[in-house]
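Reader: I'd like to learn how to read side-chain features off a model. Could you walk me through a few?

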Amino acid sequence: MKKLLLAICVLGFSLTASSQNTVGKSDDGARIALTAYIPDQIEGITPAVKASLTNKLSQIATANGLGGSSNSRFIMTTNISVLTKDITPTAPPMHAYTLEVTLYIGDGIDGTLFSSQSVTLKGVGTNETKAYIAALNGLKTKDPVYQTFIEKGKNKIMEYYNSKCDFILKDAQTMAAQNKFEDAIMKLTGVPEVCKACYDKAMDAVAPIYQKQIDRECKQRLMEATTAWNAAQDLSSAENAGGILSQIEPGASCYKEALALSTKIAQRVKELDQREWKFQMKQQQDNVDIQKATIKAARDIGVAYGNHQPSVVYKVYGWW
C-alpha cells in the first residue's frame, strides 16, 4: 500500500514540478516547505554574512519550487570551507577568498540528510566580510548544477509524507483531543499539495478541527466583547466591543449570538447619539468554494501559529 501511495505522490509531483518553478505566492500551499537554516558554527560566518546567506538559500528554494517557511522540519542548510584567503598585490590591497560551499537538504528534526551539492566560489572585496559575501553572490538561484540535488531532496520529502501519513494524522487527532487545535492545524496544513494522497487525507481531517478552533475563539471573543460593552455601554465601549466582534468567523457556532450583540450595541449607539453605528462583522462571501475557503483559513492559522513558535533546534552537524 505504501508503494502505491508513493507512486501516486511521485506521479502527482511529476505533473506539477514544472509549474512549481513559476508558482506564485497564491500557490504557496502547493509547495514543499523548507526552512533556510544557517548554523552559527560555519567558518567565517558573521551576522551580515549569515543574513546574506539565509536570503540566498531562500531564493534558491523558491526558484526551484520549494516554499519558504519558518520552523519546518525540512531544511536547506550549508557548510562553508575557506580554501584560500589572500591579500592581492594591488593598490589598494584587496581581500580574495576561495570558498567551497556545500548545500544540504534534509530532515532537520531527525538529522537525516537527503541530498547535497558542492560548488567552489571566489570573491574579492575591500575587507574580509565583503570578499566573503562577494563569493557567496556566486550562488545562482537557478544554476543547473542544483537540479539533481533539488529533485532528490524533493522526492525524499515526499517519501516522508507518504510513509508517515498515518502517523501525521494520528498525531494531529491526539493534539485536537487535547484542545491543541493550532498545533493540529499546523501539522495537517504542513502536508504539501504535491503529495496528493496524504494531502487529501490531511485536508479532510483539518476541517472539523478548524471548526472546533473557530468555535472556541468565537466563545472567547463573544465573552470579551460582552465584557467590553457592559463596562460602560457608551460610544467608546461600542468601539472596543466592535473591534473584538469583527474577528469572529461567520462559520463559528456562536456567530448568530455575536450578530445579536452587534445589533443590540447598534441600537444603543443610535439612542445615545442619533447615528448609525459604522461597524461590519465578517460575512460569508457569496459564490465561494467552502472547502477551499476552509483550507485557506486553516492554513493561515497554521502559518501564523508556526511563525510564533520558538525556533526549532536542528540536528545537522553529522552532515559534514
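Author: Glu217 and Arg221 form a salt bridge, with 3.5 Å between the closest N and O atoms. The term means a side-chain nitrogen of Lys or Arg within 4 Å of a carboxyl oxygen of Asp or Glu. Before we go on: this is a predicted model, where local features need pLDDT of at least 70 and side-chain atom pairs count only at pLDDT 80 or more, while totals for chains, interfaces and linings use all residues. Residues are numbered from 1 along each chain as its sequence is written, and side-chain values use heavy atoms, with hydrogens and water left out.

Reader: Where do Glu217 and Arg221 lie?

Author: Both are in helix α6, four residues apart, about one turn of the helix. Helices here are DSSP runs (H or I, at least four residues), strands are too (E, at least two), and numbering goes from the N terminus. Arg221 is partly exposed, at 21% relative accessibility. For that scale, buried means under 20% relative accessible area, exposed means over 50%, and partly exposed is in between (1.4 Å probe, protein chains only).

Reader: Which salt bridge do Lys196 and Asp200 make, and how far apart are they in helix α6?

Author: Their side chains meet at 3.4 Å, N to O. Lys196 and Asp200 are four residues apart in helix α6 (residues 196-230), so about one helical turn separates them. Lys196 is partly exposed at 41%, and Asp200 is partly exposed at 31%.

Reader: How many salt bridges does the rule give?

Author: The count is nine. Asp110 and Arg73 make one of them, with the closest N and O atoms 3.3 Å apart. Asp110 sits in the loop between β4 (95-107) and β5 (112-125), and Arg73 in the loop between β2 (66-68) and β3, so this pair ties together parts that are 37 residues apart in sequence. Asp110 is partly exposed, with a relative accessible area of 48%, and Arg73 is partly exposed too, at 22%.

Reader: Which residues are linked with Arg73 in a network of salt bridges?

Author: Asp107 and Asp110 are linked with Arg73 in that network.

Reader: On to rings. How do I read an aromatic pair?

Author: Take the rings of Phe, Tyr and Trp (its six-membered ring) and look for centres within 6.5 Å; planes under 30 degrees apart are stacked, over 60 edge-to-face, and the rest tilted. A search of the whole structure finds seven such pairs. In one of them, Phe74 and Tyr160 have ring centres 5.1 Å apart and planes at 80 degrees, so the pair is edge-to-face. Phe74 lies in strand β3 and Tyr160 in helix α4 (residues 147-177), so the pair ties together parts that are 86 residues apart in sequence.

Reader: Are Phe74 and Tyr160 buried or exposed?

Author: Both are buried. Tyr160 also makes an edge-to-face pair with Tyr161, 5.5 Å centre to centre and with 80 degrees between the planes. Tyr160 has 16% relative accessibility, and Tyr161, at 10%, counts as buried. Ring pairs link Phe74, Phe114, Tyr160 and Tyr161 into a cluster.

Reader: And what about a charge over a ring?

Author: The test is that NZ of Lys or CZ of Arg is within 6 Å of the ring centre and within 35 degrees of the ring normal. Here, Lys164 lies over the face of Phe167, 5.8 Å from the ring centre.

Reader: What describes two packed helices?

Author: The angle between their axes and the distance between the axes. Axes are lines fitted to C-alpha atoms, for helices over the stretch in contact, and angles run from 0 to 180 degrees between N-to-C directions. Helix α2 (residues 47-63) and helix α3 (residues 128-136) pack at about 10 degrees, with axes 10 Å apart. They are therefore roughly parallel to each other; the classes are under 35 degrees for roughly parallel, over 145 for roughly antiparallel, 65 to 115 for roughly perpendicular, and oblique for the rest. The contact (heavy atoms within 4.5 Å) is made by α2 residues including Leu53 and Lys56, and by α3 residues including Tyr132 and Ile133.

Reader: Last one: what is Asn79 in contact with, leaving aside neighbours within four places in sequence?

Author: Its partners are Ile42, Glu100, Val101, Thr102, Tyr104 and Trp320. Asn79 belongs to strand β3 (residues 74-87) and is buried, with a relative accessible area of 16%.
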